[in-house]
Amino acid sequence: MILCHAYHRYEEGYRFARVALDLAVRPEFAAHKAKMYSCLGVVSFWSRPTDTSVEHMRTSIRIGTEDGDVVVSCYAWHHIVSQMFVRGELLAEVHREAERGLDFIHRARFQDAHDILLVVDRFVQALRGETQDLSSFDDAHFREAEFESRLLGGQNKTLICLYHLMRLATRFMAGDYAEALAAGRQGKELLGSCLALVHVYLFHFYDALALAAVYSELPSEQRREALDNLSAHREQLREWAQNYPPTFQSAHVLVSAELARLSGQGEEAMGLYEEAIRSARTNGLVQHEGLAYEYAARFYRARGLELIADTYLREARACYVRWGAEGKVKWLDQRHPHLVERQPLEPMISISARTEQLDLLSVFKASQIISGEIILDKLLRTLLEVVLEQGGAQKGCLLLSRGGALSIEAEATLIEGKGVVTQVLQSQPLSSSTLVPSSIVHYVVRTKERVILGDAAAAMKFASDTYMAHTRPRSILCLPILRQAEVVGLLYLENNLIPGAFTPERLAALELLASQAAISLENALLLSREQSARAMAELAERRSRFLAEAGELLSESLRYEETLTRLSQLCVRTMADWCVIDLVEDGVLRRLAGAHADPSKESLFQELQLHHPPHQGSAHGATRVQLSQQPIVLPDLSDEVLQRTTDNEAHRRLIRALGSRTALVVPIMIRGQMLGAISLVSGQPGFRYGSAELELAQEVARRAATAIDNARLYGKTQEAIRVRDEFLSVASHELNTPLTSLSLSLQSLLRSLQAGRLVEPQELKRLLERALQQGTRLGRLNRALLDVSLLHSGRLPLELMDVELGAVVRETVEHFAPELARARCPISLQEDTRIVGIWDRTRLGQVVSNLLSNAIKFGAGRSIELHIGLQDGKARLSVTDHGIGIEPSQRARIFGRFERAVSERHYGGLGLGLYISRGIAEAHGGTIQVESQPGEGATFTVELPCAGPR
């Protein structure tokens, strides 16, 4: 937090907070976990999406509650509510969250945290119109004067500062700029106590705009200081905007617009107001969008552009309505009553029919029925039912214009004996529909005039329309639904029994109903969009919470098998009825984890795991994903789909019994490698997996892949450390043995010389030979270590020349004659033909030496056979011993670095000989292989191309 706000290094501050959280996973720091999540939530606000910060705070509350760290949990509620306000959530939702927090804190009996959250909620309630007026915190249960008196008598500087900042915000929104600035000055003196709180940002934003609003009223001697303060506010907002534009850019640009206005740069100010509006709208900051419109309206009104100013102010009012700021809306309406839109009482379309020809009571009742519906689906059904009853039609369709594209929303048909039967069509595009004549619809949209065809069969103008030719309707009416001179929808009616069905009387009734329908549709669409937006926001919040919980779970432990089991359980609590996770091991899928939401179906689930695991060639979704490495979405698990994705009828019965209507399978991938697959299945009626669920599942799979990869890398690292430590121990022993022998030989000679005693030539020869032998052994060990380094870096040098393989083998055997004799190993060499190849003679000798040394070591007292042959242009050398042999499980790993098939305590060695031999053979373009049975010896075969390496 200090890095962020004392040194302005926000990204580094975030990374340090992440490291602190990672450390809190350790048992010795577990008590600080809730605090670390809270700290991460605070610092992430300045460089990450606000949703991320809120999720960290929710996690802090959960962990703090579980671990007894109630203080952290209480303060976290204040952060959540404040950040919800900043990201422009509906004020009603912000208030509900504040009430939940206040209840939690009240039960925890933590007065300071309660007051801090209460102050923020009073500002929210003032905006909602739930207080005495917009500039006051007072209502039936709260008295600002009493609260302030109690508050200022305390010692909590953070609470006092926050109270003054909320007064600044409230007075600013109420247009009381002098009082706002006074509150801001009081808060500024204590601003250091609010380090890293979001209210520091609100102070710079609101104080800047309040200062700009009163600038023209200031005495000339104070204006320079005001501009300096404004510039300082803008620079701070600019820093934050550069760090994370989605949260801070609109505020920075709006303050920049005000500075441009005050500096006389009108054109620049106009552009900046528009940029602020766009930025706020793009990032969902409805409160900033409203302020930008409001300040732009003042700008245009000061220049005498009243019409433009009113237009912008109406947009500001609409933003505040969407935000739920009824208090601000009332404040605007009181000062600008002419902006309030009033619906005209007269019909929007002129009617030529005589009044006495209308059943006015019937039309009035129908209009009331339509106006009473605000839920879109119900309105669509009601509207079509009323229209068919009033219009004399057999069939009707309602079309709406959404974003310039027409779609058929509902269809109604008059069926004898059943009456009007309606069907909501879920926005069927006109371009792909055969329910209406598209040429007539497009004509009505273009001209904004109704089309009446009394005898449709005789209407040549639309005769080429496919619908007209196929259906042959008798009477047609297509009526536009107009709102503010724009087509918002259309009513299409037809009668296939009689021509001239749509009489003037019926037309007049329908046009009256269309005018009411325009109003009702607008209201219903607004409500539908708001509900959809709220549902999407709630869904996004649930998904963010799920991802945060999944991320926390996956980062808690490096034992990924246990972690993935818990992940499957989390999935069935959130997005599936049952879930299985399969991992790829040696190219084969292994079922690792699974969970079902219904405990009573656990036995069925176990049967599925036991008898129908994924396997090569099976129809399992996980197997198909393994082959394609692409996700599979099965929206509907019909019998046909189950036939394709199961092994047999027993498998299908189990799948059905587990409750399976829709499924998706996603691969667990990292760096192009498939680690496994997650399969999710839901049996919820009416629910289908789609793109949103797929995206969420893929994100979970990505995080799971990272966790698995990290765990495996950690395992490999631990294994490498073990091997390294084992090697160092062995290497130390191997190096010390010749060094000790060499030292003893030299010490013996030294003692003889110091005593003045002559050393017998035979004894001297023996000691020197032993010293040379140990020196040679040390040199061999040293070269082995150097070769390992060269092989590992891919820089093993080769000095290529014509080399006779038999000569190299004979020389090596002769060199090993003393060791062969000591080990009592008779040796034989069979050479089929003289073989010459382009090889490195020294390196080839190393390979023969290593193989022969192993044969002596592991087959002491038994014969050794060497065979040299030629096959397909490749030289073959085999070395066979009759020693202890090699276990099948060890054959692949003995060629690894520092690997051995036996204990170093019994046989010694660095475990490098075969690794170096394989590296030399491969550097020549050849191979080395082993055949062995435990207790029967081993045969190592080296193949080298005679033409040398390519």
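Which residue in strand 15 is the bridge partner of Ser828? The partner is Glu865, and point 2 sets this pair in its sheet.

1. Basis and overall content. This is a predicted model, in which local features need pLDDT of at least 70 and side-chain atom pairs count only at pLDDT 80 or more, while totals for chains, interfaces and linings use all residues. Residues are numbered from 1 along each chain as its sequence is written, and side-chain values use heavy atoms, with hydrogens and water left out. The protein chain has 34 helices and 18 strands; helices (H or I, at least four residues) and strands (E, at least two) are DSSP runs numbered from the N terminus. Of the 950 residues in the protein chain, 49% are buried. Buried means under 20% relative accessible area, exposed over 50%, and partly exposed in between, with a 1.4 Å probe and protein chains only. Among contacts (heavy atoms within 4.5 Å) between residues at least 6 apart in sequence, 65% join residues at least 24 apart.

2. Five strands form an open sheet in the order 13-15-16-18-17, and the pairing is mixed. Two strands pair if DSSP finds at least two bridges between them. Strand 13 (827-831) and strand 17 (927-932) are the edge strands, each pairing on one side only. On average, neighbouring strands of this sheet are turned by 15° against each other, direction ignored. Strand 13 and strand 15 (residues 864-871) run parallel and are joined by five bridges.

3. Strand 7 (residues 578-585) pairs with strand 8 over eight bridges in the antiparallel sense, and Leu583 stands opposite Arg590 in strand 8.

4. Helix 5 and helix 7. The axes of helix 5 (residues 70-86) and helix 7 (residues 111-128) cross at roughly 20° and come within 8 Å. Axes are lines fitted to C-alpha atoms, for helices over the stretch in contact, and angles run from 0 to 180 degrees between N-to-C directions. Helix 5 is therefore roughly parallel to helix 7; angles under 35 degrees count as roughly parallel, over 145 as roughly antiparallel, 65 to 115 as roughly perpendicular and the rest as oblique. Their crossing is left-handed, a term used if the near helix is turned anticlockwise from the far one by less than a right angle, with right-handed used if clockwise. The residues of this contact divide into 12 nonpolar, two polar and one charged. Here Ala, Val, Leu, Ile, Met, Phe, Trp, Tyr, Cys and Pro count as nonpolar, Asp, Glu, Lys and Arg as charged, and the others, Gly among them, as polar. Trp77 and Phe85 are among the residues contributed by helix 5, and Ile116 and Phe123 are among those from helix 7.

5. Helix 16 and helix 17. The axes of helix 16 (residues 306-323) and helix 17 (residues 326-335) come within 8 Å and cross at roughly 155°. The two helices are therefore roughly antiparallel to each other, and their crossing is left-handed. Leu313, Arg317, Tyr320 and Val321 of helix 16 meet Lys328, Val329, Leu332 and Asp333 of helix 17. This contact has five nonpolar, no polar and three charged residues.

6. Helix 30 and helix 32. Helix 30 (residues 805-815) packs against helix 32 (residues 841-858) at an angle of about 50°, with the axes 9 Å apart. That makes helix 30 oblique to helix 32, and the crossing is right-handed. Their contact has eight nonpolar, three polar and two charged residues.

7. Surroundings of Ala260. Ala260 lies in helix 13 (residues 245-262). Because its relative accessibility is 4%, Ala260 counts as buried. Leaving aside neighbours within four places in sequence, Ala260 is in contact with Gln265, Glu268, Ala269 and Leu272. The C-alpha atoms of Ala260 and Leu272, 12 residues apart along the chain, are separated by 8.5 Å.
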